[in-house]
Each structure stands twice: as structure tokens, then as C-alpha cells.
Amino acid sequence: MTDTEMVIYERRAVRKYKDIPVERALIEQLLDAGRMAPSAMNRQPWRFYILNDKETIRAFSKEIAVIAFKDVLHSGKAGLRQAKKIVSDLLSFSHGIDLHQLKDPVFYGAPVVIFITAPRGNEWAPLDIGMCSQNIMLAAKSHGLDSCPVGFGKYVEKTKIFTRLQVPPSEQVQLAIILGYGDETPEVHKRIQDNILFID
Ligand SMILES: Cc1cc2nc3c(=O)[nH]c(=O)nc-3n(C[C@H](O)[C@H](O)[C@H](O)COP(=O)(O)O)c2cc1C
């Protein structure tokens, strides 16, 4: 395997982090890797809004969890297990007992959260942001950092705390990524294999 492939195969969605901050210079280096992603018509639609203060991250996490759970309940989109997990984490917050110590319901106690936005109405933005995010996560892995994409981060737009991010109305939050020094090594999820068709 090449070094690049090694990094690709070693990356996992990590949901438990050590209480170790990530240097700002390193975060900036990872964002630079994100900027190197391809983008439709070279629009480079991404903008990055970064949280790296523990208390701030927890505050965002709690607000997002409340909104996400309400949405989950009303839409019936997510499975009950996922909804229950959110509720149980949320309860631990509202009772002032953080059962998970360093964890939080949405960002899992990670020391860095990156919200990535793109201009509204850009039909290619989700693909561009996906590529940009993967660059960031692979670059992070190559530096010994772990990560997880957090789709639930999109709910931030519906929270009261959203204004703190200073995202202008012309932009839409596409995804959040968490980064940090992982404190778990999750099993590899087996990949579906019967999805390739060579046309001769
Ligand atoms: C667009 C997207 C959104 C995701 N949202 C979440 C999320 O909100 N919470 C979470 O814990 N994991 C989230 N994940 C992580 C996936 O659950 C994870 O990548 C998948 O289970 C495969 O595991 P692996 O990344 O370790 O291979 C998301 C992944 C993607 C690509």
C-alpha cells in the first residue's frame, strides 16, 4: 500500500477524544489541505467556522441536540436507536451530570469543531464540501489526529446560538467535522463489495 492508501484505510469515524487541544497552526494546515480539494467550476465554495474552546463546543452541542431531537421526533427520519441516544445524552446534560465525562451529545468531546458552509443555491456544494471534508480528515489522520463528519451539525442553523458563528444569511451550513486526538480505535465497518460493474 502507498502511504496515501494507508491513511485512507486507517481513518475511522472516531467518537471519543482525549482532552488534548489541537494547535491552531495545525488546524490551519489541515484547512489548507481542505482548500486543495477539487470543486465544480473551481468555485471553491467552502468557508470554515471553527470552534476550539471546550465550553463553547459543549454549549453548541447541547443546543443542536435539542433541535435535532425535536426534528427527529417530528420527521420520523432517524431510527429510534439514534433518537434514544440523543435523548439519553441530553438528559445527562439537563440534570447537570455528564455521564460521559468528556463526551457531548453531538461533538463527542472533540476539541475542534469545523462548520463548513457554502453559498446557498450552489447545486454542487454538497459534493465540493464532501471532497473538501475528506481532504481535511485524511490530512488530519496523516498527522495522528482522528475525526468524524457530523451531519447533525447542520442543525446549528436552527439554534439560538447560531449567531455566534457569524455565518451570513447567504451561506448554508453543509457539514460539521470534529477533530482531535482519538481515545478509541473503532472496528472497521465492513465495506459492501457487490457494487462494481465493469462494462466491457
Ligand atoms: C455526511 C456524513 C454525515 C455524518 N454524520 C454523522 C453524525 O451526525 N454523527 C456521527 O456520529 N457520525 C456521523 N457520520 C459518520 C458515519 O456514521 C461514519 O462515517 C460511518 O458509520 C462509517 O464509519 P467509518 O467512517 O469509521 O468508516 C457521518 C458521515 C457522513 C459522511
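Strand E3 contributes the most to the shell around the ligand, with three residues, where strands (E, at least two residues) and helices (H or I, at least four) are DSSP runs numbered from the N terminus. The structure is a predicted model, in which local features need pLDDT of at least 70, side-chain atom pairs count only at pLDDT 80 or more, and totals for chains, interfaces and linings use all residues. Residues are numbered from 1 along each chain as its sequence is written.

**Ligand shell**
- Around the ligand stand Arg12, Ala13, Arg15, Cys148, Pro149, Val150, Gly151, Phe152, Leu175, Pro186 and His189, a residue being near a molecule if its C-beta atom, placed from the backbone, lies within 6 Å of it.
- Sorted by class, this shell around the ligand holds seven nonpolar, two polar and two charged residues (Ala, Val, Leu, Ile, Met, Phe, Trp, Tyr, Cys and Pro count as nonpolar, Asp, Glu, Lys and Arg as charged, and the others, Gly among them, as polar).

**Sheet**
- Four strands form an open sheet in the order E1-E2-E4-E3, with antiparallel pairing, and two strands pair if DSSP finds at least two bridges between them.
- Strand E1 (47-51) and strand E3 (146-150) each have a single partner strand and stand at the edges, so one side of each is left without a neighbour in the sheet.
- From one strand to the next, the twist averages 25 degrees.
- E3 is joined to strand E4 (residues 171-180) by five bridges, and the two run antiparallel; the bridge partner of Cys148 in E4 is Ile178.

**Helix packing on H5**
- Helix H2 (residues 24-35) packs with helix H5 (residues 125-142) at an angle of about 140 degrees, their axes being 7 Å apart (axes are lines fitted to C-alpha atoms, for helices over the stretch in contact, and angles run from 0 to 180 degrees between N-to-C directions).
- That angle makes H2 oblique to H5, since angles under 35 degrees count as roughly parallel, over 145 as roughly antiparallel, 65 to 115 as roughly perpendicular and the rest as oblique.
- Leu30, Leu31, Ala33 and Gly34 of H2 make the contact with Cys132, Asn135, Ile136, Ala139 and Ala140 of H5, two residues being in contact if their C-beta atoms, placed from the backbone, lie within 7 Å.
- By class, the contact of H2 with H5 has seven nonpolar, two polar and no charged residues.
- Helix H1 (residues 3-10) packs with H5 at an angle of about 105 degrees, with axes 9 Å apart, which makes H1 roughly perpendicular to H5.
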